[in-house]
Amino acid sequence: MKEIKIKIKDLTLHYGQKLALNNICLEIPDRRVTALIGPSGCGKSTFLRTLNRMNDLIPSARISGEVLIDELNIYDRNIDVVNLRKRVGMVFQKSNPFSKSIYENVAYGPRINGINERKVLDEIVETSLKRAAIWNEVKDRLRDSALGLSGGQQQRLCIARTLSVNPDVILMDEPASALDPLSTSKIEELIHQLKEQYTIVIVTHNMQQAARVSDYTAFFYLGELIEFGKTKTIFTNPTIKQTEDYITGRFG
Amino acid sequence: MAENTRFTAESLKKKFRLSEFLAEKFITGIAFLSITIIVLIFVFVFREAIPLFRTGKAKEVAVKEQVTKINEGLKPESYGDTVNQASPVVVTNKPAPQAYDEDVIRQVENKKALKTLNTATWQPVSDNPRYGLWSLFFGTLKVTLIAILIAAPLGILAALFTSAFAPTWLREILKPAIELLAGFPSVVIGFFALMVMASFFQDLFGYASRLNAFVGGVAMSLAAIPIIYTITEDALSSVPATYKEASLALGANHWQTAFFVTLPAATPGIFASILLGTGRVFGETMIALMATGNAALLSANPFESVRTLAATIGAEMAEVVYGDTHYSVLFLIGALLFIFSFGMNALAEFYIKGRLMKRFMGR
Amino acid sequence: MMKTFTKIKGALIIGITGLSVMVILGIIAIILVVVIIGGKSQFSWEFLTSFPQDGMTKGGIFPAIYGTVLLVLIMSVAAVPFGTITALYLTEYAKENSWIAKTIRFAIRTLAVVPSIIFGLFGLGFFIKFVGAGMDNAFLGGRLVWGQPNILWASLTMSLLTLPVVIVSVEESMKTVPRELREASLALGATKWQTIRKVVLPGSVSGILTGSILAVGRGAGEVAPLLFTGAAYYLATLPSTLHDQFMVLGYHIYIMSTQSANVDQTLPIQFATTLVLLLLTFILNLIGVVLRSQIRRKQK
């Protein structure tokens with residue numbers, strides 16, 4: 001019934017001499033939310049960034065193994081990283097809008113793809129903002145600077161920006177970690193809506209959040225994938241002791 | 001809306017982006033320009049100095065002149081050897097010309113000039129020009145020494161005050177204020193030295209020549225102070241806080257920590273700052289031209305006029321004939337200055353990088 | 001007993017270091033005050049806008065101001081783009097520890113410490129005698145046009161001297177563009193060049209501006225590189241082509257104070273000219289330093 005969107009095979013990553021990810025094997029289902037949990041420094045963010053090859057930007061990172069999206073290895077030599085990133089969007093921990101207007105922030109993606117027609121841009125901006133559930137709050141001030149928005153609004157704007165290029169997969173790196181509870185619940189609600197259309201992988205250190213938003217959960221510890229399964233199972237009946245210890249708050 | 005299109009090898013095939021490729025190549029190419037400039041400076045300053053060492057024809061001339069003398073009747077009684085006679089015979093086949101072409105004259109001059117380089121007399125414009133570099137060299141050294149003796153203590157102590165004793169608000173004002181001195185054009189400092197300082201010091205010390213090495217040195221210290229100050233201040237503030245904390249924890253007070261811990265830890269940076277200050281003063285032209293008196297005297301007295309290497313180039317280059325011996329000698333001086341400043345910079349970098357690393361990394 | 005002794009030593013050290021600061025600031029103040037007082041009487045709108053008269057013993061310094069402005073303009077046109085692009089390479093393309101980046105950085109620092117007179121020699125040997133004379137021979141059949149000192153060669157010589165100033169400022173400000181913004185752009189599928197154009201460059205406008213201002217401040221005050229690359233003692237007309245010679249403020253001060261026949265008579269003119277140059281460079285540097293400290297604050 002569930003389709004596999006991303007298949008990770010024997011993924012190992014070194015930063016210089018340091019082993020950051022050790023032999024990760026994982027299958028991420030299509031149009032579901034998969035949460036990556038674990039104590040900080042466990043490699044969950046690093047893992048997330050291998051999925052759209054953001055780690056390519058770090059010169060000391062060496063990688064081996066395969067990441068297959070729809071059976072296509074994105075680390076193949078013939079893969080165009082730029083186009084890959086258009087298909088695998090990313091939302092960062094710290095909201096990072098450009099110091100441009102709200103409109104231009106969302107229009108950035110389409111513009112770099114060569115879309116300059118006013119009408120088309122207007123439409124993309126509107127649908128993206130609507131899908132990110134922020135349209136009603138900003139529709140009257142699209143020309144204002146994005147930096148004038150609140151933290152939660154900025155983060156939803158960044159989600160809208162990601163949606164504007166129509167990705168298949170959305171990676172979220174602790175998207176709500178810097179936000180107040182109200183903004184967090186808005187983001188979580190949004191994630192719930194988005195999984196209808198997108199495959200979402202979310203890193204979080206907040207276990208309640210993982211339990212609330214995700215369908216599947218992967219537990220990382222010291223660069224290794226300890227356990228992966230349905231969120232319900234992981235949280236109620238983990239098979240491995242370390243997972244249980246972490247979830248019950250005994251360490252981390 | 002988003003029809004989940006599948007990832008296919010086709011849609012993600014590696015693309016060649018021409019603008020991307022061109023941008024990278026263009027930017028990289030331009031970046032290499034700075035290296036190219038350094039190399040070009042090296043090449044072109046030396047290129048103009050090198051003709052000075054072309055003296056091959058001068059030898060020929062000397063031989064010819066000898067031959068002429070021989071032909072004029074000086075009996076070569078002592079030249080019994082056949083080998084020695086062979087070469088004059090070859091030359092005498094051509095009639096010895098009365099006037100040599102320009103190139104030959106130049107080479108004769110070059111040869112004479114080269115012989116005089118290692119003397120103390122700088123008299124480039126005379127019937128018998130002499131290009132002795134020693135007085136210029138010692139003059140430069142004298143001015144540099146005076147300048148650094150003034151600039152180094154002032155700059156270092158001021159930097160220590162700024163980084164160790166001044167409250168943050170004062171530091172925010174002091175740093176840019178002293179850095180402003182670096183923005184004073186050297187011609188302005190030179191003018192100030194010439195018009196104000198020179199008379200002031202003459203009244204104070206009562207020496208004979210109004211413009212001298214001391215006035216020039218003091219003026220040049222104004223150019224060196226901001227360099228020494230800024231680099232020392234950077235070195236002092238980059239001493240790890242743990243050093244200071246450890247010292248304070250051991251019961252040392254504020255000034256003891258600053259003087260016995262921070263200052264020694266920053267020695268490599270301070271040393272580098274002095275090197276760079278020295279390089280600046282050594283090659284300073286306008287202040288030297290305006291404040292040192294420009295007389296090429298060889299003397300240890302700081303109140304005598306001097307002529308520095310850089311000032312010599314500045315004063316004489318505009319008046320020489322392009323390509324003649326004097327022109328080449330000036331470029332030779334330039335080449336020496338260039339090598340000197342290049343070496344100073346390399347040494348300073350070596351000190352900052354090498355020593356600081358060792359000190360703070362414990363390697 | 002021991003304690004008071006330590007206290008006295010402490011006060012002494014703070015006193016001496018503080019005194020050094022005061023001496024330096026005092027010198028700066030004295031120079032400013034002396035030049036202002038000396039040049040005040042002569043300083044007027046007319047002085048700034050009229051030509052020298054009676055063998056430069058009367059009149060204004062307009063040609064020198066005009067020449068200085070022209071010089072720094074041509075200089076900036078060359079130095080700012082090249083400096084910005086080099087900074088781009090160093091921040092965006094070069095691998096931090098590659099030998100290429102290290103060599104370029106070393107070259108830039110060397111360029112910054114080479115004595116300015118050497119640039120003058122280089123300008124003479126390269127621009128005038130090699131490029132200029134070469135152009136004359138190739139295109140003008142040996143007619144002497146470019147193979148002699150002029151404002152173009154002087155400006156280009158000056159641009160080499162100010163290149164490091166631009167590079168350092170621009171690089172500093174490019175580093176303040178947050179990594180997160182670059183990543184956001186790349187994660188949207190922007191290429192590196194698109195990211196540079198749309199995120200990095202707009203974010204470093206202030207640095208490019210600062211670098212340009214500091215470079216102009218530096219270039220306006222330097223005289224040594226101009227001594228034999230194009231500065232003229234006196235010209236009755238303003239330079240109208242790139243192969244004309246020109247008058248320039250710094251050189252004017254030097255000539256008037258050391259080479260003119262009646263130094264004493266023209267003293268007010270000299271002071272006023274110095275005042276103009278000092279004000280010009282002082283204001284430019286002040287703006288540059290303030291802008292730079294703002295960039296540095298952002299960096300932290």
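Two strands count as paired if DSSP finds at least two bridges between them. Helices (H or I, at least four residues) and strands (E, at least two) are DSSP runs, numbered from the N terminus. The model is predicted: local features need pLDDT of at least 70 and side-chain atom pairs count only at pLDDT 80 or more, while totals for chains, interfaces and linings use all residues. Residues are numbered from 1 along each chain as its sequence is written, chains are lettered from A and ligands numbered from 1 in the order in which they are written, and side-chain values use heavy atoms, with hydrogens and water left out.

**Figure 1. Parallel pairing of strands 6 and 7 in chain A.** Four bridges join strand 6 of chain A to strand 7 of chain A in the parallel sense. In this pairing A:Val91 has A:Met172 of strand 7 of chain A opposite it. From strand 6 of chain A, A:Val88 and A:Met90 point one way, whereas A:Gly89 and A:Val91 point the other way. All four are buried, where buried means under 20% relative accessible area, exposed over 50%, and partly exposed in between (1.4 Å probe, protein chains only).

**Figure 2. The six-stranded open sheet of chain A.** The strand order is 6-7-8-3-9-10, with mixed pairing. Strand 6 (88–91) and strand 10 (224–230) of chain A are the edges, each pairing on one side only. From one strand to the next, the twist averages 15°. Axes are lines fitted to C-alpha atoms, for helices over the stretch in contact, and angles run from 0 to 180 degrees between N-to-C directions. Strands of a sheet pair through backbone hydrogen bonds, either parallel or antiparallel.

**Figure 3. Strands 7 and 8 of chain A, with helix 6.** Strand 7 (residues 169–173) and strand 8 (residues 199–203) of chain A are parallel and share five bridges. A:Leu171 is placed opposite A:Val201 of strand 8 of chain A. Helix 6 (residues 151–163) of chain A packs on the sheet and touches strand 6 and strand 7 of chain A. The direction of helix 6 makes about 170° with that of strand 6 of chain A. Contact means heavy atoms within 4.5 Å.

**Figure 4. Strands 1, 4 and 5 of chain A.** Strand 1 (residues 4–15) and strand 4 (residues 61–69) of chain A pair in the antiparallel sense, with eight bridges. A:Lys7 faces A:Leu68 of strand 4 of chain A across this pairing. Strand 4 of chain A also runs antiparallel to strand 5 (residues 72–73) of chain A, joined by two bridges. There, A:Leu68 has A:Asn73 of strand 5 as its bridge partner. Strands 4 and 5 of chain A form a hairpin with two residues between them. In the turn, A:Asp70 has a positive phi of about 50°.

**Figure 5. Surroundings of B:Phe192.** B:Phe192 lies in helix 8 (residues 186–205) of chain B. Its relative accessible area is 5%, so B:Phe192 is buried. Leaving aside residues up to four places away in sequence, B:Phe192 touches B:Met197 as well as C:Ile30, C:Ile31 and C:Val34. B:Gln202 is 10 residues from B:Phe192 in sequence, and their C-alpha atoms are 14 Å apart. Chain B as a whole has 15 helices and two strands, and 48% of its 363 residues are buried. The accessible surface of chain B is about 17600 Å², with 64% belonging to carbon and sulfur atoms. Accessible areas come from the Shrake-Rupley method with a 1.4 Å probe; for residues, only the protein chains shown count as cover.

**Figure 6. Surroundings of C:Thr86.** C:Thr86 is located in helix 3 (residues 62–93) of chain C. C:Thr86 counts as buried because its relative accessibility is 2%. Apart from residues up to four places away in sequence, C:Thr86 touches B:Ile30, B:Ala31 and B:Ser34, along with C:Ile104, C:Ile108 and C:Ile167. Chain C contains 11 helices and two strands, in the sequence pattern α-α-β-β-α-α-α-α-α-α-α-α-α. Its C-alpha trace spans about 75 × 65 × 35 Å along the principal axes. Of the 300 residues in chain C, 57% count as buried. Among contacts in chain C with a separation of 6 or more, 72% are between residues 24 or more positions apart.
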